[in-house]
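This report goes through selected local features of one protein model, section by section. The sequence and the structure come first.

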Amino acid sequence: TTTTTTTTTKSTTTTTTTTTGSPIPKKTVPGEQCDICTDYPRKCVFDFKLEMLKSDADGRRADGRIRSVLAYNGQIPGPPIVICEGDELLVNFKNNITGNMTNVDGSSNVTTLHFHGIREKTRPWSDGVPFVSQCPITPEGQPLFFPYNQNPSPFPYGFNTNVDGAPAGTYWYHSHVGAQRTNGAYGALIIKEKGTNAIIDDASNTLVLQEWYESSTNQVPVSLLVNGNGRIGELINTGDDEQITAHLKGKGACFNLTENKHFHPDNFTTNYTEFHVKPGYQYRFRVIGAISQNLPLRLSIENHTFTAIAMDSRNIQPVTNLTDLWLAAGERYDILVNTTEEYDQSGMAYKIKVIGYTDQPDNHCPLCTIAWLKYPKQYIDYTYVTDSACTGFHLPSPLRTLNPVPNKYTAWKNRIKYPHWKYPSTIGGIFIADLREPKSKSKSTITNLANTQYIEFDGNITFNGLRMSYPPVPFLLQDPADATNRCGSECNGPPPFTKCTTKNPATCTANKYCNCQHVVKEPWASVNVPWVEIVLVNNNKVAAAHPIHQHGGWYWVVGEGQYNHNINSSFIRHQDKINKISRNFHNPPPKDTIQVPPGGYAIIRTKLDNAGTWIFHCHINYHVTIGMAMVLQIGEPQDWRTGPLQRNVECETPPPPPRGGPTTIYWFYGMENAERCVTPGTEVTFNWVNKDHNVNTVPEADYDSCNVNNPTPYAGDCIWLAPMLDGSVPENYYFACGRYYNSTTRVGYHCKHGGMKAKIQVRSVCTL
């Protein structure tokens, strides 16, 4: 089928055309009505806005502490998007961020919206990745630096389930800018199957899991949330820069436990999420790992086992009698829970237990939370709160675990292999490579190989030593492509496209990571489609099990392995050459996010039928922010659909620096006071265009009172170099705009009323 119209209003009807040429009208309805499937296709329209708020109202209270958050339509998670097979989705999206919270990680208050797992086969411009598929969206009402806006307002994000590669399944959505999803900018996206069966498939039975942090500027994990709800007991995590840095880099850290001053056991402002069930039924639960950093989470249900039937939106051969399930950032699982007739009707509801460990891989220093699974007549203990030791969360043996974190060689070596896990009584861990897709995939199809790429991770958190930077014109909107600062590989020639050349700019030298636009360029084909094989090599046996996510479609996992020592790409190539690495082409499992074992590898194959530029990255937020990413380019500009977006136009907001860190301050009237932490020798850029501002270094007292007078306007940018420290004591520096000074009140108007001042702390270690 093909769609014939696209619109951003709620007052029109679109049509699809079948292969017989008969038009099927699509009725446009408010998105909130689309959670009940109909026998006719619909266009489901949602209106979303992203705002900076406080966690001080119902729907976004999180763990009960009041802090700055980002929320879609005032909610954390954002409103669930629930549609059905055959429907079309349109989200009219506006950026209403007014504060400077997201600047903490070096980004401005721009944003985007990404539908995680959707292929966007006819709408690559709607993938929502800044500087890859579009320019980031500036806040509504913010003065433009350029005399044009690269994006329509509202931005019409969406897809057609029939043609854009969006089968029924569990997806989610989130911002793809900086640390915005860490601060609340995420939500569930469900596409329901049509028809009825014995399974109770209610989209409200979805668990969206996330770790929650002390604040937007203090990245100490203090609680876990299920559907935005959690609590903290008498003790709370605190940490120093070194602990936070180790956590963000994925090395793991134990934090210090101190008194929780917000703990009031008789006056909780939050409750744990509740799920109500009836005995004797089979319920489908959807579990979404909206996890931000390297903190995989384990889910189990008191007195219940369950069956996994899907992962990352795709069906798998059912894995029965599971005691627990692990998820990393970006992963999703659909499970079936059979409710029992034999339960204590006067007893307490069962706990759905979620736990993670900040010190991986030794499972030390837990964080935990619950949701309630309540049968009729059972009661809920609303005074309950998990303690800091997570008492009662230890699972007794024997265990039958799906997707254990692959950071223990002995667990990998002793795993339950296919087909032995098909026996429900078999005990142990079941890893991704041993799962199977239900329907047979033609071996001749997936073995139609174009070429093989090797991507090695290293201690600098890069792909092949290349740290991703981004162009001012998004990759998708370049015509012709600008290869000035590109690196990576380019594969051309006639089928089977096996001729690849490596391209690196002259600035890249051996034995040092390089900042460049990392692109793997592959051909696009619509018939006799080839596949690209990517071998992911996690070279250090004590590294994070990086969850690697691919935009633009699923890959099929044809191989996985782990060693009890450090490795590299050369070692894996040699092992492959001497036939010590095997591949499975019989119903391999599809994924869009996979944890790559430390000291190990994963072999994935992607079909080259989706023309566009698709980011490929680690889903640990800190890692992608500092450049652990690349772009998989499929086809050429003439093959790509760019929708309403303009080609060859630079984005108003410059791309972020690949090294991460708060190195840019967007300097404009109406901003909120900026605060930054940088290391000595860092260049901080005050960014503006119009000749109407200036930047002045001032004493702290004048910073506080805005007693700063400099009438001379300049056009930006202004670059300030952070000085070296005299010892290890941090130093604070203060800046303000001195325009429109009132000599009577001794106040600068731009500073006082326009928010144009900044405090920069220089210290030896800073964190996002």
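Aspartate 334 counts as buried, at 1% relative accessibility; buried means under 20% relative accessible area, exposed over 50%, and partly exposed in between, with a 1.4 Å probe and protein chains only. The model is a predicted one, in which local features need pLDDT of at least 70 and side-chain atom pairs count only at pLDDT 80 or more, while totals for chains, interfaces and linings use all residues. Residues are numbered from 1 along each chain as its sequence is written, and side-chain values use heavy atoms, with hydrogens and water left out.

Aspartate 334 is found in strand 23 (residues 332-338); helices (H or I, at least four residues) and strands (E, at least two) are DSSP runs, numbered from the N terminus. Not counting residues up to four places away in sequence, aspartate 334 touches Thr170, Arg284, Phe285, Arg286, Thr307, Ala308, Ile309 and Ala310, where contact means heavy atoms within 4.5 Å. Phenylalanine 285 is 49 residues from aspartate 334 along the chain, and their C-alpha atoms are separated by 5.8 Å. The side chains of aspartate 334 and arginine 286 are joined by a polar contact of 3.4 Å. A polar contact is a pair of N or O atoms within 3.5 Å; within protein, one must be able to donate a hydrogen and the other to accept it, and residues adjacent in sequence count only if both atoms are side-chain atoms.

## Salt bridges

Side chains of opposite charge can pair when their charged atoms come close. A salt bridge is taken as a side-chain nitrogen of Lys or Arg within 4 Å of a carboxyl oxygen of Asp or Glu, and by this rule the count comes to 28. One of them joins glutamate 193 and arginine 284, with the closest N and O atoms 3.7 Å apart. Glutamate 193 lies in the loop between strand 11 (186-192) and strand 12 (199-200) and arginine 284 in strand 18 (residues 282-289), so this pair ties together parts that are 91 residues apart in sequence. Glutamate 193 is partly exposed at 35% relative accessibility, whereas arginine 284 is buried, with a relative accessible area of 8%.

Arginine 284 also forms a salt bridge with aspartate 334, the closest N and O atoms being 2.8 Å apart. That pair links distant parts of the chain, strand 18 and strand 23, with the two residues 50 residues apart. A further salt bridge is formed by arginine 583 and glutamate 533, whose closest N and O atoms are 2.9 Å apart. Here the linked parts are the loop between helix 4 and strand 36 (590-591), which holds arginine 583, and strand 33, which holds glutamate 533; the residues are 50 residues apart. Arginine 583 is partly exposed at 24% relative accessibility, and glutamate 533 is buried, with a relative accessible area of 2%. Salt bridges that share partners join Glu193, Asp201, Arg284, Arg286 and Asp334 into one network.

## Helix 4

In helix 4 (residues 569-577), the buried residues are Ser569, Ile572, Gln575 and Asp576. They lie on the same side of the helix, because they cover an arc of only 125° around the axis; the arc is that of the directions from the helix axis to the C-beta atoms. Ser570 and Lys577, on the other side, are exposed. The cover over the buried residues includes strand 28 (449-457), strand 33 (531-538) and strand 38 (600-607).

The N-terminal end of helix 4 is capped by asparagine 568, which has a side-chain oxygen 3.2 Å from the backbone nitrogen of serine 570. Just after the helix, asparagine 579 takes a positive phi of about 65°.

## Helix 1

Helix 1 (residues 241-249) is mostly covered, with seven of its nine residues buried. These are Asp241, Gln243, Ile244, Thr245, Ala246, His247 and Leu248. Among the elements that cover them are strand 13 (206-213), strand 14 (221-226) and helix 5 (621-625).

## Asparagine 260

Asparagine 260 lies in the loop between strand 16 and strand 17 (274-276) and counts as buried at 5% relative accessibility. The side chain of asparagine 260 reaches the backbone oxygen of glycine 233 at 2.8 Å.
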